[in-house]
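Please look at the structure below and follow the backbone slowly from one end to the other. We will turn to a pair of helices and then to some residues in loops.

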Amino acid sequence: MRSKLLSICILITLIGWNPISTSAQYGELEAYMDRLNELRRFNGVVLIGDKDRVVFEHAVGQADAEGNEKIKRQTSFYIGSVTKPFTATLVLQAVERGEISLFDTLASFFPRINMADEVTIRHMLSHTSGIGSYTDMSSMKRWKNRENSREEMLSRIEDLRPRFKPGERYEYSNSNYYLLGAILEEVQRKTYEEILREGILGPLGMKHSGIDPGAAQKHMAEGLSPTLQAWESVELVHLSVPFAAGAMYSNATDLHSFSQALFGSELFKVPQSLELMTTTVEGNYGLGLFQLEVEGESALGHTGGIDGYSALMLFFPSSGLHFISLSNSLVSDHLDIASAAMRLHNGESIELPETRQATLLPPELLQRYAGSYSLEAGFLLDVQARQGYLTCQVPGQDVVELLAANDTAFYSEIHNLDLFFQVDSAGAAVESIRLDQAGYSFKGTPFQLPSSVLALPQKKLQRLIGVYALGPGFDLEVSLMDEKLMAQATGQDAFELIAESETRFFATVAPIDIEFDLDKTGRAKGLTLKQSGQVIYAEREGHEADE
């Protein structure tokens with residue numbers, strides 16, 4: 001808000017110190033958020049605006065791992081991919097000024113990117129470019145926490161194989177919005193932060209938003225991760241990595257201002273720009289905006305997640321409601337809170353999430369469940385027995401701590417997850433498991449390694465090395481590393497292949513069987529991959545030249 005009179009400025013200052021008057025309609029939502037915080041499923045701020053009026057705002061939880069600072073309404077958070085609607089808005093503003101066109105190709109800016117002469121700015125805005133996402137690269141964990149130059153990031157995107165032909169389908173990719181930010185900087189000869197402040201933040205008076213928090217750092221919540229007993233600090237990804245795809249910080253008040261201005265078409269000179277953003281295609285994505293249903297009502301907005309933080313910004317066109325939810329934890333029930341808010345808006349009641357009572361089991365009973373389990377979704381679940389509880393982990397993901405509901409059922413209130421064990425009639429061995437989370441259910445069985453394992457000489461392993469095309473833009477690279485045969489699918493971690501025979505191998509990180517198809521010379525010309533009932537034959541690139 002911009003004011004010309006001192007008296008008005010003083011009035012605004014005084015109002016800022018007074019609590020928001022929560023509409024009676026949303027009174028139960030505070031208790032709902034408080035209960036989620038007790039369960040470590042939400043730690044942050046929620047704001048609801050009815051057009052330009054704030055009707056609900058509540059902050060809950062701690063701003064640092066030690067609990068020395070409480071989260072306040074003014075607290076700032078990193079918002080991850082909620083940055084994308086800002087980037088899309090800046091791109092469309094540049095289109096309105098005639099600086100770029102939606103049909104300009106990537107070749108005009110970064111010609112070394114795969115398919116650069118076919119990928120348009122519109123393809124990137126709508127995630128239909130076919131460019132893979134650099135955030136899926138298994139190497140990212142080695143460089144995400146240090147500063148990365150523009151050249152380094154572009155080089156990584158250049159190395160990504162195309163996923164599909166531009167315009168063929170939708171597939172979310174952070175590379176798209178990184179490139180859009182870089183294009184804006186090329187065209188305007190300014191930094192992304194400068195463009196952001198001139199195009200959106202300055203005109204809207206968003207003083208608690210940006211890329212580099214600088215002086216605002218003292219109002220920034222620390223990124224956290226919940227455990228059974230405490231909140232732990234999380235190292236933030238270096239902001240040079242997400243850039244225009246997800247590096248912004250903001251607070252609830254500023255995001256409400258942006259949401260009002262965006263959906264009120266105040267940020268554009270022509271109404272067609274907002275129409276382009278809000279017209280969704282496959283994947284329910286427009287240009288920088290998702291469309292989703294909450295309690296039967298259509299909403300437009302974006303989700304966001306970055307190490308230690310998560311966010312949700314929604315606008316409901318039919319009711320004019322703006323919903324902002326910010327948290328300093330990736331594990332946050334933003335959509336649950338949005339659903340509760342809409343039920344209250346519709347005059348319905350809500351029930352508080354229940355606190356479950358844990359049962360203490362003896363160590364020998366917990367140990368019975370330790371082991372690896374093959375889930376029908378095609379991955380392994382590692383279960384470990386700890387002092388009084390279990391942990392479970394899918395390779396490459398966080399460890400989840402599980403409390404016992406009874407002798408065979410375990411749960412995590414933090415992750416809203418249940419794990420059930422089916423034991424034999426003697427109660428001595430696990431026959432099967434079922435994992436329930438977020439409305440999905442996965443069955444599994446104990447993972448058994450093949451009884452026969454061969455140690456093959458390096459010469460025989462070398463004939464299997466190569467790149468195998470599993471699908472458009474999706475390869476399996478087989479290589480030797482420290483005398484071990486390794487396989488790595490596009491955007492995933494490498495895993496070791498163990499030999500059952502000279503041509504048949506299995507993985508220990510997932511229920512995967514691979515059988516190599518050899519040519520007359522004994523060199524692999526293809527392979528058959530079996531996983532979760534799927535059977536895929538993939539040819540080795542360049543095998544024709546060997547024959």
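A crossing of two helices is called left-handed if the near helix is turned anticlockwise from the far one by less than a right angle, and right-handed if clockwise. The model is predicted, so local features need pLDDT of at least 70 and side-chain atom pairs count only at pLDDT 80 or more, while totals for chains, interfaces and linings use all residues. Residues are numbered from 1 along each chain as its sequence is written, and side-chain values use heavy atoms, with hydrogens and water left out.

Two packed helices are described by the angle between their axes and the distance between the axes. Helix 3 passes helix 7 in a left-handed crossing, and the axes of helix 3 and helix 7 (residues 174-188) come within 10 Å and cross at roughly 40°. Among the residues of helix 3 that meet helix 7 (contact means heavy atoms within 4.5 Å) are Lys84, Leu90 and Val91, and their partners in helix 7 include Asn174, Tyr177 and Leu184.

Now turn to the loops. Most residues other than glycine have a negative phi. Met115, however, has a positive phi of about 65° although it is not a glycine, and Met115 sits in the loop between helix 3 (83-96) and helix 4 (121-125). Ser265, likewise not a glycine, has a positive phi of about 60°, and its place is in the loop between helix 9 (252-263) and helix 10 (271-278).

Technical notes: Helix = DSSP H or I, 4+ residues; strand = E, 2+ residues; numbered from the N terminus. Axes fitted to C-alpha atoms, helices over the stretch in contact; angles between N-to-C directions.
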